[in-house]
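These are my notebook entries on one structure, set down in the order in which I looked things up. The structure comes before the entries.

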Amino acid sequence: MNWYKYIACFFAGMFLANVVPHFVHGISGDRFPTPFAHPPGEGLSSPTMNVIWALVNLVVGYILFRVGKVSRGDNSTLVIFFAGIAAMSTMLSVRFTKKQAK
């Protein structure tokens, strides 16, 4: 398999993991940081913007999932996909723990 497919697997996991917090906050009616807030990533965006951002992440993650051929049964692509999920989940937990501590 080509090297770029492994990168696609990793980023598919990252984008799909990022769907969860934005979608949950958005459909719950809660404001939550997005790259479009002021200041970017620090301020709070509207629930609608969070749902839109979650859907954009879902589409990009799905495209990368297909490009990386994660579902072909190759265990290495699946491991890299889950590594992307773990990386994004860990980064988000650390970032938002620090943000809530302020």
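This is a predicted model: local features need pLDDT of at least 70, side-chain atom pairs count only at pLDDT 80 or more; totals for chains, interfaces and linings use all residues.

Entry 1, the core. I looked up the largest nonpolar core and found six residues: Met14, Ala17, Phe32, Met88, Leu92 and Phe96. A nonpolar core is here a set of buried Ala, Val, Leu, Ile, Met, Phe, Trp, Tyr and Cys residues joined through side-chain atoms within 4.5 Å. Helices α1 and α3 each supply at least two residues of this core, and α3 gives the most, with three. Helices are DSSP runs (H or I, at least four residues), numbered from the N terminus. I also listed the contacts (heavy atoms within 4.5 Å) of Ala17: leaving aside residues up to four places away in sequence, Ala17 touches Ile85, Met88 and Ser89.

Residues are numbered from 1 along each chain as its sequence is written, and side-chain values use heavy atoms, with hydrogens and water left out.

I compared the length of α2 with expectation: its 21 residues should span 30 Å at 1.5 Å a residue, and the end C-alpha atoms are 30 Å apart, which agrees. The expected span is 1.5 Å times one less than the number of residues. I then asked which residues of α2 are buried. They are Asn50, Trp53, Ala54, Asn57 and Gly61; buried means under 20% relative accessible area, exposed over 50% and partly exposed in between, with a 1.4 Å probe and protein chains only. Seen down the helix axis, these buried residues fall within an arc of 105°, so they line one face of α2; the arc is that of the directions from the axis to the C-beta atoms. An α-helix has 3.6 residues a turn, so residues three or four places apart point the same way. The face turned away from the buried side carries the exposed residues Thr48 and Arg66. Helix α1 (3-27) is included in what covers the buried residues of α2.

I located Ile63 in helix α2 (residues 47-67). Ile63 counts as partly exposed because its relative accessibility is 46%. Ile63 and Ala8 are 55 residues apart in sequence, yet 8.9 Å apart in space, C-alpha to C-alpha.

Rings of Phe, Tyr and Trp (its six-membered ring) pair if their centres lie within 6.5 Å; planes under 30 degrees apart count as stacked, over 60 as edge-to-face and the rest as tilted. Phe36 and Trp53 form an edge-to-face pair, 5.2 Å centre to centre with 85° between the planes. This pair links distant parts of the chain, 17 residues apart: Phe36 in the loop between α1 and α2, Trp53 in helix α2. Phe36 is partly exposed at 44%, whereas Trp53 is buried at 18%. Phe81 and Phe82 are likewise edge-to-face, at 5.3 Å and 65°. Phe81 is buried at 8%, and Phe82 is partly exposed at 48%. Phe65, Phe81 and Phe82 form one aromatic cluster.

I found a cis peptide bond between His38 and Pro39, with omega about -10°; Pro39 is in the loop between α1 and α2. Lys69, which is not a glycine, has a positive phi of about 50°. Lys69 is in the loop between α2 and α3 (75-101) and is partly exposed at 30%. Most residues other than glycine have a negative phi, and most peptide bonds are trans.
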